[in-house]
Number of protein chains: 2
Amino acid sequence: MPRAIRRRLSREEKRQETKQKLLRSAEQLFNHGGYEKASVDLIAENAGFSKGAFYSNFESKEAIFLELLESSKRRNIEALESLLAQEMSAEELLLAIRNYQAGPDSDFDYAQLAMEFQLQASRDATFAKAYAKLNRNYRDSLIGVLEKLYAKLGRTPPAPVKDLADILMATIAGLLLQAAEAPANVRKRLISEAMLLILGISERK
Amino acid sequence: MPRAIRRRLSREEKRQETKQKLLRSAEQLFNHGGYEKASVDLIAENAGFSKGAFYSNFESKEAIFLELLESSKRRNIEALESLLAQEMSAEELLLAIRNYQAGPDSDFDYAQLAMEFQLQASRDATFAKAYAKLNRNYRDSLIGVLEKLYAKLGRTPPAPVKDLADILMATIAGLLLQAAEAPANVRKRLISEAMLLILGISERK
DNA sequence: GTACTTAGATACTATTTGGTATCTGTATTG
DNA sequence: CAATACAGATACCAAATAGTATCTAAGTAC
């Protein structure tokens, strides 16, 4: 175990780099053609490596899929949490939420990948458990943001925020998938509109 | 061509029966495990036939998938159209819409299958075209129903009905998929809630 | 610099896939 | 009832798949 003590781990560093490349390759391919169509061979090749590299870094295809799922969800949750932490006016918060999923920062690709996860989860018990757990965290964060939003706006939510969170997540996912071929601005507009409707803040009362 | 004139087509009848069995088998399997996982062999076997029967009735796996898509969408559209045709009060119409997708008549399975279609469509140009076309019809029907609804209610929609239709479709699909493991009554409640929020008719003003 | 470790390449396997070619039994036709 | 047509079964195929076993070149330790 001479790992943690040593100074320059050029070896380990490279390994991590390879792993990252494989992850990004897999993300791309899963997103593009779905779980089944993204073969291990292809993932490796697309990253500029061979299958050997893949199995040297991941236990299985399922494993890389789950790892991807976890990291995406984590990133998403972090974005929400940081939103929560910031001090901002009601209008600012509203705007931020409105642009959250539809903004240029959060890639649309993620949504499709998430959909792929969701579908796999609805079919595979292993995935289902992992997905449910991660989703719960995400949902909780979203609920927090919504509560903060309504508090700042001085309004009462039109429905339990738990439900609003669920509906919001579903709608965004659905819209992104539905309009996969539509131009980005159409998607954005629809998503914004949907969020305002669901949150009940479309017209300034 | 001694087909259309003759009396009792017991042969042709049987053929159609076989085809229907294959279709239902495919629907089941596509829904359960997705497009890729439902092999032609499996579809045939599950219907009680051999692969020979399959290829005697369908040109390819893609073909049966598309045929399934078409018939499901058609059924859905017909349901909407018949809703449109009926004379009913605003409340009745509202209730009917509220229960439309969430009702016991429309099987939840369909939604998951539709999702599978949608995902495939987002990845395959052939599917994309077919799906877009069918979806357009469905959307148009839904728009008609919504217009009728608002007319009867004597209200103005909170957003262009076109957008409302898109959002509604996406939300329902998203919720059904998201809550695939949740009990049916939870799904129903969420879907109802979402519809009311999106349509802007949650509280009786 | 020599011995050891290991990231990653190559080669291979067993299995599954969609699709085809061919065959067979039975319903239809004359 | 004999000839034919055809629904569907059987037997195949080439390609692709996830995963494994083995090897090699380069990094690390002494």
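These are my notes on a predicted model with chains A and B and DNA strand C.

**Ground rules.** I number residues from 1 along each chain as its sequence is written, and letter chains from A and number ligands from 1 in the order written. The model is predicted, so I need pLDDT of at least 70 for local features and 80 or more for side-chain atom pairs, while totals for chains, interfaces and linings use all residues.

**DNA strand C.** I looked up the residues around DNA strand C and found 23. Near means a C-beta atom, placed from the backbone, within 6 Å of the strand. A:S50, A:G52, A:A53, B:S10 and B:S39 come nearest. By class I get five nonpolar, nine polar and nine charged residues. Here Ala, Val, Leu, Ile, Met, Phe, Trp, Tyr, Cys and Pro are nonpolar, Asp, Glu, Lys and Arg are charged, and the others, Gly among them, are polar. α3(A) gives the largest share, five residues. Helices are DSSP runs of H or I, at least four residues, numbered from the N terminus.

**Helix α7(B).** I followed residues 125–153 of chain B, a helix of 29 residues. Its C-alpha span, first to last, is 41 Å, close to the 42 Å expected from 1.5 Å times one less than its number of residues. After α7(B) comes B:G154, with a positive phi near 65 degrees.

How values were computed. Helices (H or I, at least four residues) and strands (E, at least two) are DSSP runs, numbered from the N terminus.
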